Amino acid sequence: MNSDDFIKFLKRLSLDGLSVLNTSIPKSKFIPLDLSETNDELKTIDVSSSEKLGIYVNNYIKTNNAQVAFGGYLEKRNIYKRSNHFNKKEDQERNIHLGVDLWCDVETPVYTPFDATLHSFNNNTNYGDYGPTIVLKHRIMGNEFYTLYGHLSLNSLNNLEAGKVFKKGDKIATLGETVVNGDYPPHLHFQIIKEIQNFKGDYPGVCSKTDLEFYQNNCPNPNLLLKLNY
């Protein structure tokens, strides 16, 4: 299935949108958040500090009478400049975000939007990385694809083994705190992956401009499933 057909397939999977957080949170309580390098408000904030970024995000959520701030797909961000994990090659800085972030409280439960089997899991401990991560494998109408959940709690990885079966709506994890989630304010990184390649418990969630065409085709916008309003 080519990338265009994959996008059409994802769009058909839900008319009203699927949830990876508690379904009791109404869509009216989700607010879009811009963390791109073009957001002038961030120019006065030290985004390398998880504490200062967390204050900004939390104040934004409260000011807008929301519970969850979301966004970030293909967003070019300055936050990754703080870590060598994203800047190993000078001419290929990785700063383009490939998933949707859902910023909310630590320990918020995370659910699978589809029936799934556990493909893999890992604690990715590089500075600025995902921290605890789960990758699920889905097979729907003969089509196989994957979803990735990053920045989880350490407890989320307990009692897991590859091949474990989950039903749609099952709780799979909770969100981790800053000290375990890669040093970010609590949030879920949710990403769709068409071909997982040889990765296990991990997959690039940020890419360089050089590699953008490939990753954009392999990791379409998660909002095709969530259908949150921008």
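Which residue forms a salt bridge with Arg77? The partner is Glu75, and the closest N and O atoms of the pair are 2.9 Å apart. Welcome to a short tour of a predicted model, in which local features need pLDDT of at least 70, side-chain atom pairs count only at pLDDT 80 or more, and totals for chains, interfaces and linings use all residues. Residues are numbered from 1 along each chain as its sequence is written, and side-chain values use heavy atoms, with hydrogens and water left out.

**Overall build**

- The chain holds four helices and twelve strands; helices (H or I, at least four residues) and strands (E, at least two) are DSSP runs, numbered from the N terminus.
- For 230 residues, a compact globule would have a radius of gyration near 17 Å, and the chain agrees with its 17 Å. This radius is taken over C-alpha atoms, and the globule rule is 2.2 Å times the number of residues to the power 0.38.
- Along its principal axes, the C-alpha trace spans about 50 × 40 × 35 Å.
- Of the 230 residues, 51% count as buried (buried means under 20% relative accessible area, exposed over 50%, and partly exposed in between, with a 1.4 Å probe and protein chains only).
- Among contacts between residues at least 6 apart in sequence, 72% join residues at least 24 apart; contact means heavy atoms within 4.5 Å.

**Salt bridges**

- Searching the whole structure turns up nine salt bridges, each a side-chain nitrogen of Lys or Arg within 4 Å of a carboxyl oxygen of Asp or Glu.
- In the opening pair, Arg77 is buried at 4% relative accessibility, and Glu75 is buried too, at 11%.
- Asp183 and Arg82 meet through their side chains in another salt bridge, at 3.0 Å from N to O. This pair links distant parts of the chain, 101 residues apart: Asp183 lies in the loop between strand E10 (171-174) and strand E11 (187-193), and Arg82 in the loop between strand E2 (68-71) and strand E3 (94-97). Arg82 counts as buried, with a relative accessible area of 17%.
- Glu144 pairs with Lys137, their closest N and O atoms being 3.5 Å apart. Here Glu144 is partly exposed at 34%, and Lys137 is partly exposed at 29%.
- Salt bridges with shared partners join Glu75, Arg77 and Asp101 into one network.

**The largest pocket**

- The largest pocket has a volume of about 250 Å³. A pocket is an open set of points on a 1 Å grid over the protein atoms alone, where a 1.4 Å probe fits, with protein on both sides within 12 Å along at least five of seven lines. Grid points are joined across faces, edges and corners, and the volume is the space filled by probe spheres set on the points.
- Its lining has 22 residues, and Phe86, Asp129, Tyr130, Gly205 and Val206 lie nearest the centre; lining residues have an atom within 4 Å of a point.
- Elements giving two or more residues to this lining are E3, strand E4 (100-103) and E11.
- By type, the lining divides into ten nonpolar, seven polar and five charged residues (Ala, Val, Leu, Ile, Met, Phe, Trp, Tyr, Cys and Pro count as nonpolar, Asp, Glu, Lys and Arg as charged, and the others, Gly among them, as polar).

**Around Gly169**

- Gly169 sits in the loop between strand E9 (165-166) and E10, and at 42% relative accessibility it counts as partly exposed.
- Beyond its neighbours within four places in sequence, Gly169 is in contact with Tyr111 and Thr112.
- The C-alpha atoms of Gly169 and Phe114 are separated by 7.0 Å, although these residues are 55 apart along the chain.
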